[in-house]
Each structure stands twice: as C-alpha cells, then as structure tokens.
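Hello,

Here is the structure I promised to pass on to you. Have a look at it first, and then read my notes below with the picture open beside them.

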Amino acid sequence: VGLMVMTPLHMHAGHADLKLIGFVISVHIVGMYAFSPFTGQAVDRWGSRRVAIAGAGVQALSAILAASTPPGHSLQLTVSMFLLGVGWSGTFVAGSTLLTSAVPQPERPGVQGAADLTVGLAAAAAGALGGVIVDHFGFGTLALGALALPVAVIALAWLLVPRD
C-alpha cells in the first residue's frame with residue numbers, strides 16, 4: 001500500500017499528466033481484482049502455499065521495477081503497479097484460504113473479519129509511513145523497503161506452511 005499510494009506522487013514529480021497517473025492506478029486496481037477468480041482457481045489447483053509464493057514473487061518483481069524507475073516514467077510504473085496488484089491478489093486469496101482452512105467452520109467469519117481489519121489498519125499505516133519514507137529517503141528506498149514484505153511471505157510460506 002505504501003508503494004501504491006506513493007506512485008502517483010513519484011509520477012507527478014516527473015511531470016506525468018493526471019490522466020496518466022489515474023490510468024496507472026486503474027491498471028493496478030484491475031490487477032488486484034480482475035484476476036481474483038483465476039487466483040482462486042489456482043489455489044484450488046496448486047494449493048495456497050504455491051500461489052502465495054508466486055504472488056509474493058510477482059510483488060517482489062514489482063518492487064524492483066518501481067525502485068529502478070525514475071520519476072514520471074509511466075510505462076515501467078504501469079507494469080510495476082499492475083504486477084503489484086496481481087501479486088496482491090495471489091497473496092491475499094491464498095492467505096485468506098490458508099487462514100480460513102485453519103479454523104473450524106463456525107469461527108471462519110470472525111477470524112476472516114479480524115484478519116481483514118488487521119490488513120486494513122496495516123494498509124493505513126503503510127500509506128502514512130510511505131509518505132514519511134519518500135520524504136526522507138526517496139521513492140526508490142520505499143520500493144526497496146517494500147521488497148522485504150514479499151520476501152518474508154516467500155520465506156514463511158516455504159518454511160512454515162505444510163506442503164499441499
């Protein structure tokens with residue numbers, strides 16, 4: 001989220017047009033939601049662990065692309081934000097599946113609701129923190145810092161989740 005919300009400012013700093021900035025964020029949203037049915041099918045076919053690792057790998061690639069993009073370079077940021085959305089879909093759907101499958105059926109709505117609340121609060125904090133990081137260290141540093149999260153997901157999915 002920190003990377004997503006700071007991308008428009010990074011583009012604006014490079015004199016990108018507001019319509020182009022809106023397009024890039026729209027492409028990101030398409031990446032997040034348009035492929036969710038396919039992500040769910042991938043979880044059913046290949047398992048949550050594999051999809052989480054793949055989604056995190058896509059997010060890592062997105063962060064690397066974003067970190068290497070000068071202000072205003074919209075094509076590379078468009079690809080980066082699309083990949084960030086697709087990667088989010090993979091990790092979110094796979095993570096939600098792992099979470100709900102780990103608790104008894106009657107507890108699932110409450111557990112998923114608590115998880116969604118936690119994700120929302122973390123997203124709000126990441127958005128605010130992203131601004132502070134960009135202000136003090138730059139967009140590239142934020143993007144490289146964002147790389148730590150998908151790397152952690154890959155490591156945790158590989159080490160902690162039973163093979164499915």
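Let's start with proline 150, which counts as buried because its relative accessible area is 4%, under the 20% cut-off. Keep in mind as you read that this is a predicted model. Proline 150 sits in helix α8. If you set aside its neighbours within four places in sequence, proline 150 is in contact with Ala56, Gln59 and Ala60.

Is leucine 159 buried or exposed? Its relative accessibility is 65%, so leucine 159 counts as exposed. Leucine 159 also belongs to a nonpolar patch on the surface, together with Leu156, Trp158 and Leu160. Together, these four residues have about 490 Å² of accessible area.

Next, please turn to serine 89, in helix α5 (residues 74-101). Serine 89 is buried, because its relative accessibility is 1%. Which residue does the side chain of serine 89 make a polar contact with? The partner is the side chain of threonine 39, at 3.0 Å. Beyond its neighbours within four places in sequence, serine 89 is in contact with Thr39 and also with Gly31, Met32, Phe35 and Ser36.

The buried residues of α6 are Gln112, Gly127 and Gly130, and what covers them includes α1, α5 and α7. Just after α6 comes glycine 138, with a positive phi of about 105 degrees.

Finally, have a look at histidine 15, in the loop between α1 and α2. Histidine 15 has a positive phi too, near 70 degrees, although this residue is not a glycine. Histidine 15 counts as exposed, because its relative accessibility is 73%.

Happy exploring, and do write back with any questions.

Best wishes

Definitions and conventions. Residues numbered from 1 in each chain as written. Predicted model: local features only at pLDDT ≥ 70, side-chain atom pairs only at ≥ 80, totals over all residues. Heavy atoms only, no water. Patch = residues over 30% accessible without salt bridge, like charges linked within 9 Å, V, L, I, M, F, W, Y side chains within 5 Å. Areas by Shrake-Rupley, 256 points an atom, 1.4 Å probe, with all protein chains shown as cover. Salt bridge = Lys/Arg side-chain N within 4 Å of Asp/Glu carboxyl O. Buried < 20%, exposed > 50% of the residue type's maximum accessible area, 1.4 Å probe, protein only. Helix = DSSP H or I, 4+ residues; strand = E, 2+ residues; numbered from the N terminus. Polar contact = N/O pair within 3.5 Å; in protein donor to acceptor, adjacent residues only side chain to side chain. Contact = heavy atoms within 4.5 Å.
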